[in-house]
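Colleague: Could you walk me through how some of the helices pack here? I'm new to this, so please take it slowly.

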Amino acid sequence: FSSRRRHTRYISVTGVQTCALPISPPGRRPARISHSRSAPRRARPLSGARRCRAAPDRSDRRAKAAIPTGRGTRPAADRRLRARRCWRRSEPGPARHCPAARCSPDGSIDGKIIHLDILLSNLCNAKCIHCDPAYSTMWYSDYVELTGSNEFRVGSKSYQITKKDNKYVTDMVKWHNSPIWWEQFESIAPNLRSIYFNGGEPFLAPSHDEMLDRLIAGGHASQIRLRYDTNLTVINNKILERLSHFKEVRLSISVDDIEDRYELIRYPSKWNRLLENIKILTSVERKNITYQITTCIGIYDYYAPLRIIPFFSEMGFKNYSIRLLRSTNYDKPEFYDAVYLPRHVKEQIVETYEKSDLRREHKAVIVGYLKNNYDKDDKFCRFGMDVFLKRLDTLDRLRGTDWKQTIPELAEMLEGYY
């Protein structure tokens, strides 16, 4: 979808206060909303632009990091520079091409919304070792045991985990159950062109099915592209029938390793169940559905692409995506970041990938990151590895798994750290 953004502005919002659409609860990752605009095919340079009174306040973190403009997206620093240039213009009034000029003083947007980026909920049927309660309801009990705390944070918002009728629950806002949301969704549905669903597991959320049913019943499905991050554990013919009504559907299937390693990382998911669902997906040619394998790479599975890509290539998959778990990502646990690996282990991994026959772009993601972090001192690495290993040992105790037996090469590389 990124190649079709020429006539679209993307403005990230937090909730009702900004755009009058409760897309995500306070504290959750902002929902990204796009709106159409009447503008020339190419944005004009800022020279000669008038002073923009609506330019974003540099003290506002959301404004600094979430207003891409023009064709594609621009780095946050570039966007701030453009805004400052607008402020320096001598003529009063909003600059035509400043992104903030589309916002009213209260931050609301007057335009047609064409894209939604939605985290429906944290409802999930897996508790991946790199996840947490913010993105999986299955993580509640393990999180309390692991941390000794019943409180977790999403951004600046705190939530409480409580036990009710022998079941762990939280006080997270279920915005998708609000009549206000559905009323506003119906109002924007005719103009929608794309929706990105995340979770949790989006195919588990009842609100997801209702959303698709409303779009199909309203006759809007044929103009909308859908994109999913999914573990594909609950796919079935009923879901596929719904998806068949839409213009295009892209599934990013989360697979972090194969066989027993997959079951350890994405506990309690089953490898054979995943393969069965992939057969359901690929058994019939579906012209509007494309798919790729997406792999999250942390300390525990840095060799996973060497197993995943050959395995799924034999099944007919052609597209792969690699995502690194980094400590700089606000929503990823920092203790899985490969930056903490000792230098000799990083060099060993780099050497293995450089000798492999993986595509260059896949090698570059992993090799480049490791080489850029060769210089970490031993004290820094040992601290990170201590946290990482204690976490894996605790999860083994809680789940009845054994990471040293399942990933023996990792245990061998880290010998002396545990």
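Predicted model: local features only at pLDDT ≥ 70, side-chain atom pairs only at ≥ 80, totals over all residues.

Colleague: Okay, at what angle do α4 and α13 cross?

Modeller: The axes of helix α4, residues 140-147, and helix α13, residues 378-399, cross at roughly 125° and come within 10 Å. The two helices are therefore oblique to each other, and their crossing is right-handed.

Colleague: And which residues make the contact?

Modeller: On the α4 side they are Asp142, Glu145 and Leu146, while α13 brings in Arg391, Thr394, Leu395, Leu398 and Arg399. Sorted by class, the residues of this contact of α4 with α13 are three nonpolar, one polar and four charged.

Colleague: Switching topic, how do α11 and α12 sit, roughly parallel or roughly antiparallel?

Modeller: Helix α11 covers residues 343-355 and helix α12 covers residues 360-371, and their axes cross at roughly 155°, coming within 10 Å. Angles over 145 degrees count as roughly antiparallel, and α11 and α12 are therefore roughly antiparallel to each other.

Colleague: Is that crossing left-handed or right-handed, then?

Modeller: The crossing of α11 and α12 is left-handed. The contact there involves Lys346, Ile349, Val350, Tyr353 and Glu354 of α11, together with Lys363, Ile366, Val367, Leu370 and Lys371 of α12.

Colleague: How many of those are nonpolar, polar and charged?

Modeller: In the contact of α11 with α12 there are six nonpolar and four charged residues, with no polar ones.

Notes: Residues numbered from 1 in each chain as written. Heavy atoms only, no water. Axes fitted to C-alpha atoms, helices over the stretch in contact; angles between N-to-C directions. Helix = DSSP H or I, 4+ residues; strand = E, 2+ residues; numbered from the N terminus. Parallel < 35°, antiparallel > 145°, perpendicular 65-115°, else oblique. Left-handed = near helix turned anticlockwise from the far one by under 90°. Contact = heavy atoms within 4.5 Å. Nonpolar A, V, L, I, M, F, W, Y, C, P; charged D, E, K, R; others polar.
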